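Work through the following exercises with the sequence and the model at hand. Each task is followed by a solution in steps.

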Amino acid sequence: MKNQEILQSLSCYHCGDVIHGTDLLFDDKHFCCTGCKSVYQLLSQNNLCNYYAYNHAPGSRSEGHSHFEYLDEPKIVDQLIDYKDKENTIVTFYIPAIHCSSCVWLLEHLYKINTAIYRSQIDFIKKEVSISFKNQEISLRKVVEILTNIGYEPLLSLQDVVKEKHKATDKSLILKIALAGFCMGNVMLFSFPEYFGLSITEKEFQQLFAWLNLLFCLPVTFYCARDYFTSALTSLKHGHINLDAPLALIIAVLLLRTAISTVLMNGPGFADTLTGLVFLLQLGKWVKQRTYYHISFDRDYRSYFPIAVTTLQNGKEHATAIAELKVGDRLWIRNGELIPADSILMKGEAWLDMSFVTGETEPQQKVLGEITYAGGKQLGEAIEVEVVKPVSQSYLTSLWNKEYTKGNNSQGFNDSVAKYFSLAVFVLAFGTLAYWFAQGNSTKAWNAFTAVIIVACPCVLALSTPFTLSAILSVFDKKGFYVKNTDAVEHLAHCDTIVFDKTGTLTSTEQADVCFTGLLTEEEKKMAVSLLRHSAHPLSRRILKYLDFNKFYPITKYKEIPGKGIKGWVNEQMVYAGSQAILPFDVKVGVGSGVHLVINNSYKGCFSVEQKWRAHLPELIWKLQQSFQLKVLSGDTNTEEAYLKQIFPANADIRFQQSPHDKLEAIQTLQQHATVMMLGDGLNDAGALKQSDFGIALTDNINNFTPGCDAILKGSSLAYLPHFHQLSKAGLKIIKTSFAIAIAYNCVGLYFAVQGTLYPLVAAVLMPLSTVTIIGFTTLATRFYAHQNQLQ
């Protein structure tokens, strides 16, 4: 009997559960089951026992080995993974067991358990882990078994796991709201005698109702408000105070005071305040979640990518919106274009730059019948692929957002403000408590202390930036301006210099007039269009449209030199098209600028493209020069210099015959004293766009999406550029005003709270109202400024 009592007093070193039955001893540590002991042994063998330093008994108990034989089936694996090539596989798992900093630490050190896993990234909020591993050294099944063995079995589904997870999250929050509301209603019911002074005559019921109220407080505190305690403790262990710390403190104080009042029978306690506070907190969280989800939904599914992809229908090319792609569609992917959906290579030689997905810059060769993943950029001749999975815009959007690395994260600023505000609140709250205790009024001391912490909750301070900038993103999207994320909007607002490319940016090749100087036979025309159709450059597209020839030869050894031209073997003859710089030195070139054509070392003539300037360009330049220094960096000759000098201000720097490297160097020089916005077509300007503080890829109707840029702008929306900039600046004003409103709101509440005249339940009602106030203000203010800037 004595041994059994000792055994029950022991807790498992791994999971913390009380040991019942057999005590498994290993390394002088006690374990409740073989699963927990096995996990500890695995961690110990790989020098990962720091896992236990972050939290006491953080692990989840393993309930035995699951069977994952189905993960040996290639068809099932293909539906689960995000990306796969000959060496690498990337997969994202939803893991419900992620709950603390120890979980994050362990899952980010999977490479120590198995070296074939070379990267693992955790999204703690979404409880997702993205794992990259060498598929020649370890299988997906083995990865899942490793996760399961250490207590983090992923939730596997062949459906949309992310959407299912969001539904589960919503259900959990709704359950907490329902439970908190149920308990609050009953507590209010049992508190009516206290409210109306009837409890004095019914002492036995007063005691019963007090205990019932305390009982209702327990599930509200330990289930509905559990996340606040977990978050606060995690932040304190890492040496800082987050936004949940004041909330966790006040909930704990309210429960403690209620328990003391119930046991000592010296008052009604604060059960109504506690349950009401948690209910309103959860309700406010639901409002914020639904509002932010609505914004995110608009951004993910309202044609996020404005460019179209070229589909082949009955052998002819058609521009099709990416959102309209279906399984079985044939796509024509030219040099430099991005593959928008997982597809099978049907024709052509594919050399894919997968750096957008994996970070590796070495091109990968694909053979006919092999899968090509969304996000890969074709290098070389055009290829024909067939879509095998629906377009996952949310996946491409996540890739797009991951690429943003410029500048500082604005959320860090919010957190730092909230951190200092939290410290100020703690000082004020405990100062108020001490003051009223010194005055001999303990009741008012506790009431004032409680009200101060509730009414001064700093979480509303962190709402202004994401809600304001997300609302601005939605306005931008509707006007064909697709910005990466909220951080990029702030960088747009700070720009003071604009650098333009000319071809495809200031000019539009859609309505350009083409004239050919020379003579082409039908055979030579067929060879020319066979080469040109592989290029996504605007001039190539316009000349191809001008030739209007639908018979093609296959092509080999295709190469495109940015800013110079293209070449390739067509029907066993070398064909060149571009500027004089790309042509063989021994070929006699005709007079004039344009796209020169050489077939088998024989000069055939020159395509002169009289490009059309963008509509209302002079008005646009006049508006922009009021706020920006303007510059032009063009790869063309200076034939249009006179017109540009006519519409641009006298101090504008206009340069011609600039190579991609020249443009990059010019941007770097400007950034020494200016914040630079670059507008280009995303092809020859990729380096300059990525280097600039805010790079915009201008596009009309072709898939020239550039991962390195910060925004995509439809050519038809260029005239709105000054309005976009003004709205981004207005967004910063809205954020600052929101901070002022939140601080004023808190100061007014604090004025009454420190005097002990603000009842804690009233403070609990005011706090979520301040959240609704900020959301409403940012939404209305954004709409006002959008209307003022003619964007609505």
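**Exercise 1.** What is the strand order of the open sheet of seven strands, and what is its pairing?

*Solution.* The model is a predicted one, in which local features need pLDDT of at least 70 and side-chain atom pairs count only at pLDDT 80 or more, while totals for chains, interfaces and linings use all residues. Residues are numbered from 1 along each chain as its sequence is written, and side-chain values use heavy atoms, with hydrogens and water left out.

Step 1. The order reads β16-β28-β27-β26-β17-β24-β25, and the pairing is mixed. Strands are DSSP runs of E, at least two residues long, and helices are runs of H or I of at least four, both numbered from the N terminus. Two strands pair if DSSP finds at least two bridges between them.

Step 2. β16 (481-483) and β25 (653-655) each have a single partner strand, so they form the edges and one side of each lacks a neighbour in the sheet.

Step 3. β16 pairs with β28 (residues 711-714) in the antiparallel sense over three bridges; Val 483 has Ala 711 as its bridge partner in β28.

**Exercise 2.** At what angle do helix α17 and helix α18 pack, and how far apart are their axes?

*Solution.* Step 1. Helix α17 (residues 464-478) packs against helix α18 (residues 486-494) at about 80 degrees, with the axes 9 Å apart. Axes are lines fitted to C-alpha atoms, for helices over the stretch in contact, and angles run from 0 to 180 degrees between N-to-C directions.

Step 2. This makes α17 roughly perpendicular to α18 (65 to 115 degrees).

Step 3. Residues in the contact (heavy atoms within 4.5 Å) include Leu 469, Leu 473 and Phe 476 of α17 and Val 489 and Leu 492 of α18.

**Exercise 3.** Which parts does the aromatic pair of Phe 476 and Phe 724 tie together?

*Solution.* Step 1. The rings of Phe 476 and Phe 724 are 5.2 Å apart centre to centre, with 75 degrees between the planes, and the pair is edge-to-face. Rings of Phe, Tyr and Trp (its six-membered ring) pair if their centres lie within 6.5 Å, and planes over 60 degrees apart count as edge-to-face.

Step 2. Phe 476 lies in helix α17 and Phe 724 in helix α26 (residues 721-753), so the pair ties together parts 248 residues apart in sequence.

Step 3. Phe 476 is buried at 0% relative accessibility, and Phe 724 is buried at 0% (buried means under 20% relative accessible area, with a 1.4 Å probe and protein chains only).

Step 4. Ring pairs link Phe 476 and Phe 724 into a cluster with Phe 481, Phe 694 and Tyr 720.

Key:
Angles under 35 degrees count as roughly parallel, over 145 as roughly antiparallel, 65 to 115 as roughly perpendicular and the rest as oblique. Rings of Phe, Tyr and Trp (its six-membered ring) pair if their centres lie within 6.5 Å; planes under 30 degrees apart count as stacked, over 60 as edge-to-face and the rest as tilted. Buried means under 20% relative accessible area, exposed over 50%, partly exposed in between (1.4 Å probe, protein chains only).
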